[in-house]
Structures are given as C-alpha cells and as structure tokens.
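Please look at the sequence and the structure first.

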Amino acid sequence: MGKRQRWDSRTIFIFAAIGSAAGLGNAWRFPYQAATNGGGAFLIPYFIALITAGIPLLILEFSVGHKFQAGAPTAFGKIKKGWETLGWWAILVSFVIVTYYAVIMAWVFNYLWHSLTLAWGDLPTDFFFNEVLSITSGPGVLGGFRIPVLIGLIIAWAAIYWTVRDGVKSVGKVVKWTVPLPIIMLGILVIRGLTLPGSIEGISYYLNPDFSKLLDIKVWAAAYGQIFFSLSVSFGVMVAYASYLPKKSDITNNAIITALANCGISFLAGFAVFGTLGYMAFQKGAAVADVAGSGGLGLAFCVYPEAINMLPFGSVIFALVFFIMLLTLGIDSAFSLVEGVVVGLSDKWGWKKKKVTRLTILVGFVISLLYATKGGLYWLDIVDHYVNDFGIIGVALFEVILVGWIYKTKKLREHVNPISDIKLGSWYDVFIKFITPLVLGVILIWNIIQEIIDVINGNLYEGYPLWAILIGGWLVAALLIVLSILLRKTKTDYQLKEDIKE
Ligand code: PHE
C-alpha cells in the first residue's frame with residue numbers, strides 16, 4: 001500500500017470531523033430530546049454527558065487513530081490481539097446506519113423537488129406517508145419500490161461516492177462547503193423562527209426546565225445516547241479520520257472544538273425548530289406540545305413543512321433553505337460513515353482504497369434498496385432503534401474498557417500530551433477507567449432489562465409484530481457480532497506481512 005494520505009490542513013480535518021458529527025441528529029433529534037426530557041433541565045445531563053463521556057471518548061478515538069495510523073479494527077487489534085473484533089463491530093454498525101441514512105437523504109432530495117411547488121399542501125403528514133412513501137400496511141408488506149425515492153437514493157449514493165472517491169483529498173474539498181453552508185442556513189432559520197409571533201411560547205416549551213425529570217434514569221440514558229450519536233463516537237469514523245492526521249498534530253483541542261461546535265449547532269437548531277413551532281401553535285390557537293408531534297422523521301417531513309406553509313411570505317425560499325440545510329448537514333455524516341468502513345477494510349487487506357470504496361458503496365446501495373421499498377420505513381425505524389439503543393452504547397463501553405484497562409490511559413496521555421495544545425491530566429484516567437464505563441454499563445443493562453420487560457408484556461417497540469423485531473433488531477445484532485468475529489479471523493497475506501515487519 002502506498003503512503004498514507006493526509007488532510008490538507010488542521011482546519012480541513014476539524015471541518016470534516018464537525019461535518020461527521022453535525023448531521024440529521026442535530027437538526028431533529030436534539031431539539032426533541034431536550035423538549036421531552038426536561039427542557040432546559042435536560043441541558044444538565046447533556047452537558048455532563050458531554051464532559052464525562054463525549055469529549056473523553058472523542059479524544060480517545062482521535063488518539064487511537066493518530067497513534068496507530070489505522071482504522072478502528074487494525075488499531076484496536078494492535079492494542080490487543082482479538083480486540084480487532086470490536087473495531088469490526090463498530091464499523092458494521094456504521095455500515096448499517098449508512099444504508100438507511102442514505103434513504104433519508106433520498107427523501108430529502110424528493111422534498112427539495114417538492115419545495116418548488118410546496119407540493120405537500122395542507123396535509124403534509126398525508127403527503128409524506130401516502131404520496132412520498134406510499135406506505136404499506138406493515139413491515140410484512142414491502143410493496144415494491146417507490147420510483148422517486150429510488151431515484152433520490154441513486155443520487156444520494158452517487159454524491160457519497162463522488163465525495164469519497166479520492167479519500168481525504170476529495171472529502172477535504174467537499175467539507176469546505178458542506179460544513180459552513182448548513183450553519184449559515186440554520187442561522188437564517190433561527191432568525192426567521194424567532195421573529196415570528198408566538199415564537200417565545202415555542203422556545204419556552206423547548207427550554208423551560210423541569211428539574212424533576214433529572215431523577216429519571218431514562219433522561220440520563222437519553223442524554224448519553226444523544227451525545228454518542230451526535231458526536232459520531234463509537235462508530236470507528238473518528239478513528240479513521242484521525243488516522244490521516246500528520247505526526248505532529250494537536251489532538252485534545254481538536255476534539256474539544258469539534259464537540260463544542262457540534263453541540264452548539266444542536267442547541268441552535270432547537271431555536272429554529274421551536275421558534276417556528278411556537279408560531280404554528282399561535283396560528284392554530286393550539287398548545288406547542290400539540291403541534292410538535294412526536295419528533296424524529298415526522299418533524300422534518302411533516303411538522304416543519306406544515307409550519308413553512310403558514311409563513312407570511314417566502315415559503316418556497318424557506319422550504320428550500322430548510323431542505324438544503326438538511327441535505328448538507330446529512331451528507332457529510334453519510335460519507336464519513338462510508339469512509340470509516342473503507343478505511344477499516346483497506347487497512348486490513350491492504351487493498352487499493354478505490355476498489356474498496358466502490359465495493360462498499362455497491363453493497364451499501366443494494367442493502368439500502370430494502371428501505372426504499374414502500375414498506376421500507378418500518379424496517380428503517382426498527383433497525384435504527386435497536387442499533388442506537390444497544391449497538392452504539394455497547395461499542396462505546398468496550399472501547400473504554402479496552403483503552404482504560406488493557407492499553408492503559410497513561411500511555412494514551414503520553415502520546416497525546418507532547419503534541420497537543422491542552423494537556424490531559426490524570427483526571428482523564430478517572431473518566432475513561434471508571435466514570436464512563438460505569439455510566440455506560442448502567443445504561444446498557446437498563447436498556448436490556450427494559451427491553452426484556454417490554455417483550456414479556458407484549459409491549460413491543462412501536463407495536464411492531466414480534467417477528468419483525470426479531471429480524472430487524474435481534475437477528476441484525478447477532479449477525480453483526482458473528483460477522484465481526486469472522487472478519488477478525490480471516491488473516492490476510494497483507495496482515496501477515498505487516499505482523500512480520502513489526
Ligand atoms: N452524528 C451524526 C448525526 O448527528 C450521525 C452519525 C453517526 C454520523 C455516526 C457518523 C457516524 O446525525
């Protein structure tokens with residue numbers, strides 16, 4: 001394999017990292033998590049999660065990638081043989097996520113088109129489910145493809161391919177645009193939202209603190225889950241990105257800048273979303289909670305479009321701004337996931353990155369076809385729920401165990417401190433060795449217990465049939481673990497050569 005590629009500059013690396021972190025999760029996941037988990041009070045567990053787990057893990061992933069100059073599987077394998085499995089697990093989780101993330105991007109492409117005529121009219125919810133998706137009666141009925149979604153999907157994958165085709169070289173060129181652009185657009189939407197009558201009601205729904213929620217472990221689990229998903233840690237992505245940093249390169253400050261920028265974007269998005277929803281509630285003479293819906297996809301494709309229709313002027317423009325923002329926010333998260341997978345595969349097999357990129361994208365595209373069917377949304381929802389609740393937290397937990405207890409955080413600090421602006425003290429060890437694993441362990445066990453109770457009570461996620469949950473949740477999880485082990489077990493000629501060199 002030739003010389004490892006490098007980022008053009010520190011700024012480009014930070015842009016790419018922020019691009020990966022700031023995605024759809026910031027625009028619609030954070031505002032709802034905050035509003036429904038204690039409002040302003042949610043910021044407390046969120047901030048604690050950021051300090052005790054988010055930033056320490058981001059530093060950890062940056063350092064591991066930088067130190068071992070490799071993607072997650074190879075890097076973890078170098079720390080301790082056998083732990084390569086964990087790296088594959090992280091990467092497979094990423095792969096699963098990008099297969100449905102691309103479909104959401106496809107919907108956004110559809111909506112860009114529909115924005116021109118505000119095609120959703122007065123019934124955006126109907127429009128989304130019946131026109132755009134043409135949704136079937138349940139996960140058992142796939143119902144063939146929805147052609148416009150399929151076209152959007154092809155465009156999404158083509159855009160991803162085009163961006164990652166030359167690795168960090170081409171990624172660097174794209175993030176220069178796709179990172180600042182959505183921030184500017186978000187700024188426009190915030191100003192628009194806050195200058196509408198009724199917006200204050202929306203903001204107070206978003207931020208009014210309900211401190212009693214802090215006693216609920218669910219709120220804490222939500223805060224930690226949101227931090228991991230949002231910072232893109234425990235996916236192998238940040239390890240891969242940092243493996244392209246030059247030898248002398250800051251680690252800690254880069255991590256802090258990335259984390260703060262990402263959380264700032266989330267916080268700001270709340271003002272855009274709830275300012276506008278406040279206005280909609282005002283227009284309808286309803287409570288904000290009633291117009292807000294249940295968050296998630298509904299917000300982007302149903303609730304927000306409805307609010308856009310009610311704007312006093314410029315609806316088409318604001319619709320375009322909103323969907324271009326979603327597109328540019330999401331696209332760099334999507335290609336970072338692909339890049340993480342590609343780096344993992346090419347580092348192990350020593351294959352040409354171009355070849356691996358094409359293969360990954362081809363397989364990803366084929367799998368994503370499932371979600372582009374008329375019943376695809378059901379599967380997207382199930383897979384997303386299980387991967388997030390168990391996959392991510394699980395990877396993060398084992399990562400801190402590996403680095404904290406097997407590799408030793410002291411060694412990590414010795415690698416980071418000479419090259420970084422901000423030095424890590426022994427407090428860092430306390431986080432990685434004790435606090436983070438403890439919190440993650442509690443959340444994971446709590447999620448598992450909750451899941452078992454729900455299954456016993458027949459209270460299945462979103463009321464889906466058991467067989468669908470078993471396939472989309474448990475079978476996928478089991479497959480990921482088996483595949484991670486298989487991937488580790490295959491010794492490549494390239495890897496043998498590398499082993500001998502050491
Ligand atoms: N952080 C992204 C978001 O908030 C999602 C993502 C997760 C991207 C993992 C890359 C890796 O939408």
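## Helices α7 and α17

Helix α7 packs with helix α17 (residues 353–368) at an angle of about 160°, and their axes are 11 Å apart. This makes α7 roughly antiparallel to α17, a label for angles over 145 degrees, where under 35 is roughly parallel, 65 to 115 roughly perpendicular and the rest oblique. The axes are lines fitted to C-alpha atoms, for helices over the stretch in contact, and the angles run from 0 to 180 degrees between N-to-C directions. The crossing of the pair α7 and α17 is right-handed, a term used if the near helix is turned clockwise from the far one by less than a right angle, with anticlockwise being left-handed.

On the α7 side, the contact (heavy atoms within 4.5 Å) is made by L153, I154, W157, I160, Y161 and V164. On the α17 side, T357, R358, I361, G364, F365 and S368 take part. By class, the residues of this contact are eight nonpolar, three polar and one charged. Here Ala, Val, Leu, Ile, Met, Phe, Trp, Tyr, Cys and Pro count as nonpolar, Asp, Glu, Lys and Arg as charged, and the others, Gly among them, as polar.

## Basis of the description

This is a predicted model, in which local features need pLDDT of at least 70 and side-chain atom pairs count only at pLDDT 80 or more, while totals for chains, interfaces and linings use all residues. Residues are numbered from 1 along each chain as its sequence is written, and side-chain values use heavy atoms, with hydrogens and water left out. Helices (H or I, at least four residues) and strands (E, at least two) are DSSP runs numbered from the N terminus.

## Helix α6

Which residues of helix α6 are buried? In α6, which spans residues 124–132, they are P124, F127, F128 and V132; buried means under 20% relative accessible area, exposed over 50%, and partly exposed in between (1.4 Å probe, protein chains only). Seen down the axis of α6, the buried residues fall within an arc of 100°, so they line one face of the helix. The arc is that of the directions from the helix axis to the C-beta atoms. An α-helix has 3.6 residues a turn, so residues three or four places apart point the same way.

The buried residues of α6 pack against α5 (84–115), α7 (147–164) and α15 (297–309). The axes of α6 and α15 come within 8 Å and cross at roughly 145°, and this crossing is right-handed. P124, T125, F128 and F129 of α6 meet F301, C302, P305 and E306 of α15 in the contact. Its residues are six nonpolar, one polar and one charged.

## Two residues with positive phi

Most residues other than glycine have a negative phi. S134 has a positive phi of about 50° although it is not a glycine. S134 lies in the loop between α6 and α7 and, at 22% relative accessibility, counts as partly exposed. Q69 also has a positive phi, near 50°, and sits in the loop between α3 (43–68) and α4 (72–79).

P312 is found in the loop between α15 and α16 (315–349). Is P312 buried or exposed? Its relative accessibility is 54%, so P312 counts as exposed. Leaving out residues up to four places away in sequence, P312 touches R192, L196 and Y279. P312 and L196 are 116 residues apart along the chain, and their C-alpha atoms are separated by 9.1 Å.

N447 is in helix α19 (residues 427–456). With a relative accessible area of 11%, N447 is buried. N447 touches D389 and F390, again not counting residues up to four places away in sequence.
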